[in-house]
Amino acid sequence: MKLSLDPKAINTVLDGQWADARRRGRTLAEEPSTHDDPADDLDTARAKTLDGVMMMAETGLPMTGLSPEMGGKNEHATNVAGFEETVTANPSLQIKAGVQFGLFGGAILHLGDQEQHHKWLLDAQSGRLLGSFAMTEIGHGSDVANVATTATYDEATEEFVIETPFRAATKEYIGNAARDARAAVLFAQLITKGVKHGVHAFFVPVRDESGEPMPGVSIEDDGYKGGLKGVDNGRLAFDSVRIPRTNLLNRYGHVTADGTYSSPIESPGRRFFTMLGTLVQGRVSLDGASVVASKLALDIAVRYGLERKQFTAGDDFAETTLLDYGQHQRRLMPALAAVYASAFAHEKLLTSFEEVFAGADDSEENRALLETRAAAFKADSTWMALDVIQECREACGGAGFMAENRLVGLRADLDVYVTFEGDNTVLLQLVAKRLLGDYAKEFANLDVGGAARFIGTQAAEHTLYRTGLANAGRAISDALTPNLGDKRIRSGRLQRTLLETRLEVMVSGVAQALRPATKMPAAQAADLFNVHQHELIEMARAYVELEKWKALDEKMREQTDADQAKAFRRLRDTYGLGLIEKHMAWHLMYGRLPMSRARQINETLNRLCQKLAANAHDLVEAFGYSDVHRRATIASGVEAERQAEAADYYRRARARQDFPVDEKQLRKAAKKKAKAAAR
């Protein structure tokens, strides 16, 4: 059952194309000053995190995304892959570095012109100019298009006047704002000549050289949060703050000295989404960082589960190791499979990110794919991280609740990732919109024969429902989908078809339900959308689950080592069957699985989890982390030492003549003697 695996070989596959950058990012964990200490006060935690950001700058990773003319390599994914791994040092460091180099510096890079790059970008990416990314407002979180902060152009002075018109327009939860930022990339409604041209980005100084707020700038400290103690989140408000006309980051919008506005993108809506699309790096990195945090949690929990013993089973004296229990395997092995699937899906996301921003494939189609995957993966992986870390915490019992073992701290820090860079529910609605758009395009190009086949399939399904054939134990898929002829539930074809069919049925169903909205007044259309909002979210989640399964399946097929390929297949099947089990009600309700196959899933998953548990140590060792990255007492080998000490004590104690006899043993002996006497 146990396979012969080489963790280093698997690590090469996991770390992927950007392995060197990942390993460089992990080196920050080797510096103790970057580590989170629960006993630190707010100021100490923030100061240590800033020191870590400066160490990050010294690695040179933030510079890699710049052009060769500016000392970079035009390698955008290298930077992202490296700083995702700083979660191993401290999630606060990953977020603060992300704000500094990814959001503040990234906005200048992607939204500014060459002159602005030379003016601010090198200082930002080297850590000499600390900045914030001021987008979110108290009254408008994910609804960026409707932020209320204004930037009104004054022709007489050739300046923009920044104004926070009311309290709810205050910029809120802004990283680096409370303590360190000297400037902010501010998102505000651009107004010139009495016309509002929508949201644009501006470079706005917020503190002077001595660290005091600039005139007209109000700064408040958000104080303690539920996690990320090292990130100095704060609020920014502006009272008639004036900045030069040239502080408008003008790649997508320009204002001349006389106040004339121009843009290379005529449509305001398309212009807005194009600007936001250039800032997709934040979502990409949150996806990757969530995978890293999940790896850490599993690394800790699996190592503990392989050493911690509890309860005797077939032996009155030898206790059973936690990971030998079937339920413990079912808790951790599906999580392990999900993390592997997410890691390989993230690699594909990074590839798209690199293609788009390095210019290898900057097509509209590839940009759309990148934005869709970034939104979908970020939502799914951040939710996954919370689930995985919590399961690991519970699997470690009371020890998992101790701060020294990191699990509670990781979960607290990762909690806000689900609302960073867009609330997950909002992001999944964007994904659903893209799926419906692709569906509409597909039908727009469908020939008469294709339309007839689709309509025929729909009609056939309705006939099966009406005749009760599906309820009689025969799945609709058996009649309509020849690919499901394979009777083995572990069949990759079967898993893929079930996952694909579920998504296809959901997309077509939602599309048909929302079709009347095109002819409705806006208010009624909004009501119809609201009625089907839950289906939209579930449809988007079905999309990302399929994409992650495909990523793991593709990686499995690339393996040349027999045992490694078999391990990857076990991971794929555990992930795929886990998804099918999770949505069992849907597959049964829509007749996609007969009861006979559905009953196989639980038993098959039990066997798969048992097999994976036999190689659990190899599979977490392959993450590439050491004690300096885990920093959890229960994963350091100390538990094995305690168990060995206890076993040695009882072994020696039982050899003594004065070793006390257990009452249960006396009763058992007496009962046996009485039974023998009665014969």
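Predicted model: local features only at pLDDT ≥ 70, side-chain atom pairs only at ≥ 80, totals over all residues.
The largest nonpolar core comprises 164 residues. Within this core, M333, Y340 and M539 have the most contacts. Helix α9, which spans residues 326–358, gives the most to the core, contributing 17 residues. For Y340, once neighbours within four places in sequence are set aside, the contacts are I10, L14, F568, L571, L619, A622 and F623. Apart from this core there is a second, separate one of 23 residues, with A134, A151, I162 and A181 among them.

The next topic is a pair of helices. Two packed helices are described by the angle between their axes and the distance between the axes. For helix α18 (residues 562–582) and helix α20 (residues 595–614), the axes come within 10 Å and the crossing angle is roughly 145 degrees. The handedness of the α18 and α20 crossing is left-handed. On the α18 side, the residues that meet α20 are A567, R570, L571, D573, T574, L577, G578, I580 and E581. On the α20 side they are I601, N602, T604, L605, L608, C609, K611 and L612. By class, the residues of this contact divide into 9 nonpolar, 4 polar and 4 charged. L571 of α18 takes part in this contact and is also in contact with Y340.

C609 is buried, with 0% relative accessibility. C392 is likewise buried, at a relative accessible area of 0%.

H35 sits in the loop between α2 (19–26) and α3 (42–58). Is H35 buried or exposed? Its relative accessibility is 15%, and because buried means under 20%, H35 counts as buried. Leaving out neighbours within four places in sequence, H35 is in contact with A29, K48, A89, N90, V628 and R631. H35 and A562 are 527 residues apart along the chain, and their C-alpha atoms are separated by 40 Å.

How values were computed: Residues numbered from 1 in each chain as written. Heavy atoms only, no water. Core = buried A, V, L, I, M, F, W, Y, C linked by side-chain atoms within 4.5 Å. Buried < 20%, exposed > 50% of the residue type's maximum accessible area, 1.4 Å probe, protein only. Helix = DSSP H or I, 4+ residues; strand = E, 2+ residues; numbered from the N terminus. Contact = heavy atoms within 4.5 Å. Axes fitted to C-alpha atoms, helices over the stretch in contact; angles between N-to-C directions. Left-handed = near helix turned anticlockwise from the far one by under 90°. Nonpolar A, V, L, I, M, F, W, Y, C, P; charged D, E, K, R; others polar.
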